[in-house]
Amino acid sequence: MKRTHLFVVGLYLLSSCRAEEGLQFPIYDGKDRVVSLSEKNFKQILKKYDVLCLYYHEPVSSDKVAQKQFQMKEVVLELVAQVLEHKDIGFVMVDAKKEAKLAKKLGFDEQGSLYVLKGDRTIEFDGEFAADVLVEFLLDLIEDPVEIINSKLEVQAFERIEDQIKLIGFFKSEDSEYYKAFEEAAEHFQPYIKFFATFDKGVAKKLSLKMNEVDFYEPFMDEPIAIPDKPYTEEELVEFVKEHQRPTLRRLRPEEMYETWKQGLPLI
């Protein structure tokens, strides 16, 4: 696509973004940062980045409305790539027809989807395809999978998170084998489910946590569930979280709105 045309679309999106309070996005500068992925360049690009964001799309139609929709998606990715230019994240597009073999190899099966490759994980983005939402999602994804709580103020911030699933564990140190299992389990759910940990006895006492214990909080529930049979393996923690991701009242968030709808969860 011509850069001048993308630049015009970028200006349109920018004006739309500025209508939303608190969004501060730059004007698209015309530089192409999103590339087409193929079997030929796949390995080279994969080695270049720790995280790869892929838009798997149907062949560009001759229909003007379809072309416009595609251009809007493309410029959103360009804006996100521009904002995150200094992060180790690559942005690519995969044509479903031209790169059918590669798409099959990667396990892509839904055209119009956005996927993120991080290590050996493939994460499907189920949120609103908007620049601000994507930026926040990707920044969360490149953070450490577990947030450490060391003080009473941080405990208060943890307690204020009421509208989503969260887990917290108490461990001896970052070198503990049980903490490492917890950390590895957290990677399976990042960035959709928040995992917290503490190594501080005072914090653990305030949260009624015993050594190597993990508590599971459901949205808007004051009392957590203590995961039984501590200490745990990575597999046991992953299994428990998957079993307890039951439909509950929760707040609709733009970064997971389509996943929430697919699960048929009650919303507020």
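Two strands are taken to pair if DSSP finds at least two bridges between them. Strands (E, at least two residues) and helices (H or I, at least four) are DSSP runs, numbered from the N terminus. The model is predicted: local features need pLDDT of at least 70, side-chain atom pairs count only at pLDDT 80 or more, and totals for chains, interfaces and linings use all residues. Residues are numbered from 1 along each chain as its sequence is written, and side-chain values use heavy atoms, with hydrogens and water left out.

Strand β2 (residues 51–57) pairs with β4 over six bridges, in the antiparallel sense. Here leucine 52 stands opposite leucine 117 of β4. Strand β4 (residues 113–118) is mostly covered, with five of its six residues buried (under 20% relative accessible area, 1.4 Å probe, protein chains only). Strand β5 (residues 121–125) runs antiparallel to β4 and is joined to it by five bridges. Valine 116 has isoleucine 123 of β5 as its bridge partner. Two residues lie between the strands of this β4–β5 hairpin, where glycine 119 takes a positive phi near 65 degrees.

A mixed, open sheet holds five strands in the order β6-β8-β7-β9-β10. Its edge strands, β6 (146–148) and β10 (225–226), each pair on one side only. Strand β9 (residues 214–217) runs antiparallel to β10, and two bridges join them. Aspartate 215 stands opposite alanine 226 in β10.

Helix α3 (residues 64–83) has 20 residues. From first C-alpha to last, α3 reaches 29 Å, close to the 28 Å expected at 1.5 Å a residue (1.5 Å times one less than the number of residues). Its buried residues include Phe70, Glu74, Leu77 and Ala81.

Terms used. Buried means under 20% relative accessible area, exposed over 50%, partly exposed in between (1.4 Å probe, protein chains only).
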